[in-house]
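Here is a friendly walk through one model, with its pocket, its helices and its charged pairs in turn. Have a look at the structure first, and then read on.

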Amino acid sequence: MGELIMLLFHARTTAHVLHLKTKSFAQHKALNEFYDDIVDLADTLAETYQGEYGLIESFPTHYRPYAEPLEFISALRGRVMELRKTELSKADTQLQNIIDEIIGLIDRTNYKLKTLR
């Protein structure tokens, strides 16, 4: 679970950096909304997980920066989906629901990045 939480925390930083670098107002706003919302969802996921399983003991420190918003958001979605399968049981519906909200945020951001210019 530590890897998933750290991925989401890093996603916030990446989105903020891309937000500051873009010349597109639509990308600027979409990334702003993403980084404003992702930390609360990551925190909710971590606290809910810890309420069931105890403290998360390990948080990896690797970080990959991205230069392109669409590449970033696509890679993030793929990795969240992979970790969801390995980190959580289908019986953990309360945790799966939070992940659904995270995927929803990623998908909304993807739509805005692709469509709104």
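Helix H1 (2–21) and helix H3 (69–87) each give at least two residues to the lining of the largest pocket. Helices here are DSSP runs (H or I, at least four residues), numbered from the N terminus. This is a predicted model, in which local features need pLDDT of at least 70 and side-chain atom pairs count only at pLDDT 80 or more, while totals for chains, interfaces and linings use all residues. Residues are numbered from 1 along each chain as its sequence is written, and side-chain values use heavy atoms, with hydrogens and water left out.

**The pocket**

The largest pocket holds about 270 Å³ of space. Of its 16 lining residues, Leu-7, His-10, His-62, Arg-64 and Tyr-66 are the closest to the centre. A pocket is an open set of points on a 1 Å grid over the protein atoms alone, where a 1.4 Å probe fits and protein lies on both sides within 12 Å along at least five of seven lines; lining residues have an atom within 4 Å of a point. The volume is the space filled by probe spheres set on the points, which are joined across faces, edges and corners.

Which helix gives the largest share of the lining? That is H1, with six residues. By class, the lining has 10 nonpolar, three polar and three charged residues. Ala, Val, Leu, Ile, Met, Phe, Trp, Tyr, Cys and Pro count as nonpolar, Asp, Glu, Lys and Arg as charged, and the others, Gly among them, as polar.

**Inside the helices**

Ala-11 is found in helix H1. With 2% relative accessibility, Ala-11 counts as buried (buried means under 20% relative accessible area, exposed over 50%, partly exposed in between, with a 1.4 Å probe and protein chains only). Leaving aside residues up to four places away in sequence, Ala-11 touches Phe-34, Phe-72 and Leu-76, where contact means heavy atoms within 4.5 Å.

Helix H4 (residues 93–115) has 23 residues and reaches 32 Å from its first C-alpha to its last, close to the 33 Å expected at 1.5 Å a residue. That expected span is 1.5 Å times one less than the number of residues. Among the buried residues of H4 are Leu-95, Ile-99, Ile-102 and Ile-106. The buried residues of H4 pack against H1, helix H2 (25–53) and H3.

**Charged pairs**

Side chains of opposite charge can pair when their charged atoms come close. The structure holds six salt bridges, each a side-chain nitrogen of Lys or Arg within 4 Å of a carboxyl oxygen of Asp or Glu. Here are some of them:

| Salt bridge | N to O distance |
|---|---|
| Glu-71 and Arg-64 | 3.1 Å |
| Arg-77 and Asp-107 | 2.6 Å |
| Arg-84 and Asp-100 | 2.5 Å |

Arg-84 lies in helix H3 and Asp-100 in helix H4, so this pair ties together parts that are 16 residues apart in sequence. Arg-84 is buried, with a relative accessible area of 14%, whereas Asp-100 counts as partly exposed at 41% relative accessibility.

Glu-71 is partly exposed at 38% relative accessibility, and Arg-64 is partly exposed at 48%. Finally, Glu-3, Arg-79 and Glu-82 are linked in a network of salt bridges.
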